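Please find below a short note on the structure, written for a reader who is new to such models.

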Amino acid sequence: MSAQNQSVETLRWRDGRLEMIDQRVLPARYEYLGYQSAAETAEGIRSMVVRGAPAIGCTAAYGVALEALRLRNASPADFTAGMDKAFDVLAASRPTAVNLFWALKRMRTVWNAVKQQPLGVIAERLLTEAHEVKAEDIRINRAMGAFGAELLPDGARVLTHCNAGALATAGHGTALGVFRSAVEAGKRISVIADETRPFLQGARLTAWEMVQEKIPVTLITDNMAGHMMSRGEVDAVVVGTDRVAANGDVANKIGTYMVAVLARRHNIPFYVACPLSTIDLSIPDGMSIPIEERAVDEVKGFRDCVWAADGVSIRNPAFDVTPAELVTGLITEKGVVLLPDQKKLTELFCS
Ligand code: MRU
């Protein structure tokens, strides 16, 4: 299907199965793929059909529900064994986005609460919870969007890295949700999208989303950000995150750290849009956040086009860590935490 004039529903429940936009083929094609088990769903996450921390969390919740529905006529022992395996396979799909583990924990708590019920009732309850995780994500993104929009002046030229948009969430987006909300509030916002090597989420997904919304967007390669900042062409940076440690260090798509250092050099505010489900108080600092290393093929070239020399050694860390000291503010659904640190993040969960 043509990808023009499409509204973005990253994941949807249709005819008893989960459907997800295949983000690997955007923007050339707009297609949904169907999922009916936890193993299939985990593969969808691993292979990046769906990506972005909140979307991964929502998908994992549906993966648990799908498995419960699939096993609802099994014996109670087989159901329990199958569900435990489902949790394990989903947890192993990608390591960095903490929303995955947050969603699995939430689904296990629900399962535990209804464990004595007939299996059909358990499965329906888990499906209801998955729907709620999805609906809640959109509500949270709208709340973050409203807080974040207030930070951007009318006419702001805002740089973003990777895709923290509707495609990375159940809808609206985190960083791109801030832009959408600012535009809805009547502000003129223009976006500068980093291409985001090597998987090109900026060029393929952020640029596509903004074009669909008719929000002005300019695409640059990652190594152009410093030049743009030095010429006074960037007023603010807003990015998403996969995991924030207790001290406020932020893991996000590889290259974010470079952008944060450049922003500090040029006195440009660097904001991180971050639902509470992405804050991991159990991790003391960014050095302890597990960083996914992906296949070297992604760096060697793109799809069928290979440009790297044969025999060269390649690294492909998919995320980096921006120290809290470079973060101007975390935009959460409870408000903006300026200069985040351990005390402020701990208080956020108590307020
Ligand atoms: O590898 P990806 O595409 O899953 O990485 C996504 C990001 O780095 C996003 O910025 C992050 O998950 C926040 S999404 C709201």
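This is a predicted model: local features need pLDDT of at least 70, side-chain atom pairs count only at pLDDT 80 or more; totals for chains, interfaces and linings use all residues.

1. The ligand is surrounded by 18 residues. The closest are Arg51, Arg94, Gln201, Asn252 and Lys253. Sorted by class, this shell holds seven nonpolar, seven polar and four charged residues.

2. For Arg94, a polar side-chain atom lies 2.8 Å from a ligand oxygen. For Ala53, a backbone N or O atom is placed 2.9 Å from an oxygen atom of the ligand, and for Gly52 the corresponding distance, again from a backbone N or O atom, is 3.0 Å. Taken alone, the ligand would expose 410 Å², and the protein buries 100% of that area.

3. As to location, the ligand sits in the largest cavity. Among the contributors to its shell are the helix α2 (53-70) and the strand β9 (250-253), each of which supplies at least two residues.

4. The strand β9 also belongs to an open sheet of four strands, in the order β11-β8-β9-β14, with mixed pairing. The edge strands are β11 (279-280) and β14 (319-322), and each of these pairs on one side only.

5. How are β9 and β14 joined, and in which direction do they run, parallel or antiparallel? Four bridges join the two strands, which run antiparallel.

Definitions and conventions: Residues are numbered from 1 along each chain as its sequence is written. Side-chain values use heavy atoms; hydrogens and water are left out. A residue is near a molecule or strand if one of its heavy atoms lies within 4 Å of it. A polar contact is a pair of N or O atoms within 3.5 Å; within protein, one must be able to donate a hydrogen and the other to accept it, and residues adjacent in sequence count only if both atoms are side-chain atoms. Accessible areas come from the Shrake-Rupley method with a 1.4 Å probe; for residues, only the protein chains shown count as cover. On a 1 Å grid over the protein atoms alone, a cavity is a set of points where a 1.4 Å probe fits but cannot get out, and a pocket is an open set with protein on both sides within 12 Å along at least five of seven lines; lining residues have an atom within 4 Å of a point. A molecule sits in a cavity or pocket if more than half of its atoms lie within 2 Å of its grid points. Ala, Val, Leu, Ile, Met, Phe, Trp, Tyr, Cys and Pro count as nonpolar, Asp, Glu, Lys and Arg as charged, and the others, Gly among them, as polar. Two strands pair if DSSP finds at least two bridges between them.
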